[in-house]
Amino acid sequence: MIQMENVTYSYEKGYGIKNVNFTIDDSEFTFLIGPTGSGKTTIMKLIYMALIPQSGVVTTGKFRSDKIKKRKIPFLRRKIGMIFQDYHLLRDRSLFENIALPLYVIGTRHNDIPERVEEVIDQVGLTGKEDHSPDELSGGEQQRACIARALVKEPEIILADEPTGNLDPITSFELLKLLESVNHDGTAVLMASHNYNLIKGRGHRIMEVQQGILRNN
């Protein structure tokens, strides 16, 4: 599903990743851990090809970083659901409208959208909140809305970049269990975190990145 082969990407200030190698299989749940600035977000951006490696090859699904044309990158991203630490919800739209937006972007038939949106709202436990604005939701509810928005286009991969970074421990644990249920349904999940206590002992593979160097545990 995802593969990095000898991938290097560095920024002008010297941060980035160096000679990274790993493979994530279909339906696998993998944690990517490391402190802030270690390279986790760089790895995520390389997977959805917001960045292209300076050396090495990233393969995401059927797309390769050394062969993909810029106009094909949106097609790659249709297969990926992104979850961010800071939610990225549109404040002037309702929960329902925020979750529906990706379906309009990819050209889903308008008549099919309401049923699909209601399905994922129910899946993440937000039934009854459809008309709420993001400001009327708790942090945990906003992050559940982000998960619903990622799921609505039925992606093959979920990339979750520090999704619990702004949440309390109990809400973080509930969110992690929700992502595990998504994975149980067949979606590959790569979750970046600096909170080892949250993820330890859950039976999933852990990859650790330190100063741009990755090692598999």
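Tutor: Helices (H or I, at least four residues) and strands (E, at least two) are DSSP runs, numbered from the N terminus. Before going further, please keep in mind that this is a predicted model, in which local features need pLDDT of at least 70 and side-chain atom pairs count only at pLDDT 80 or more, whereas totals for chains, interfaces and linings use all residues. Residues are numbered from 1 along each chain as its sequence is written, and side-chain values use heavy atoms, with hydrogens and water left out.

Helix α5 covers residues 139-151 and helix α6 residues 169-184; their axes come within 10 Å and cross at roughly 15°. Here axes are lines fitted to C-alpha atoms, for helices over the stretch in contact, and angles run from 0 to 180 degrees between N-to-C directions. The crossing of α5 and α6 is right-handed, that is, the near helix is turned clockwise from the far one by less than a right angle, with anticlockwise giving left-handed. On the α5 side the contact (heavy atoms within 4.5 Å) is made by Gly140, Gln143, Arg144, Ile147 and Leu151. Helix α6 contributes Thr171, Glu174, Leu175, Leu178, Leu179 and Val182. By type, these residues are six nonpolar, three polar and two charged; Ala, Val, Leu, Ile, Met, Phe, Trp, Tyr, Cys and Pro count as nonpolar, Asp, Glu, Lys and Arg as charged, and the others, Gly among them, as polar.

Thr164 is found between β7 (157-161) and α6, and it is buried, with a relative accessible area of 7%. Buried means under 20% relative accessible area, exposed over 50%, and partly exposed in between, using a 1.4 Å probe and protein chains only. Beyond its neighbours within four places in sequence, Thr164 is in contact with Ser172, Leu175, Met191 and Leu198. Leu175 also takes part in the contact between α5 and α6. Glu162 belongs to the loop between β7 and α6 as well, and is buried too, at 8%. Its phi is positive, about 50°, although Glu162 is not a glycine. Most residues other than glycine have a negative phi.

His88 lies in the loop between β6 (80-84) and α3 (95-105), and at 48% relative accessibility it counts as partly exposed.

The crossing here is right-handed. From α3 the contact involves Phe96, Ile99, Ala100, Leu103 and Tyr104, and from α4 it involves Ile113, Pro114, Arg116, Val117, Glu118, Val120 and Ile121. These residues divide into ten nonpolar, no polar and two charged.
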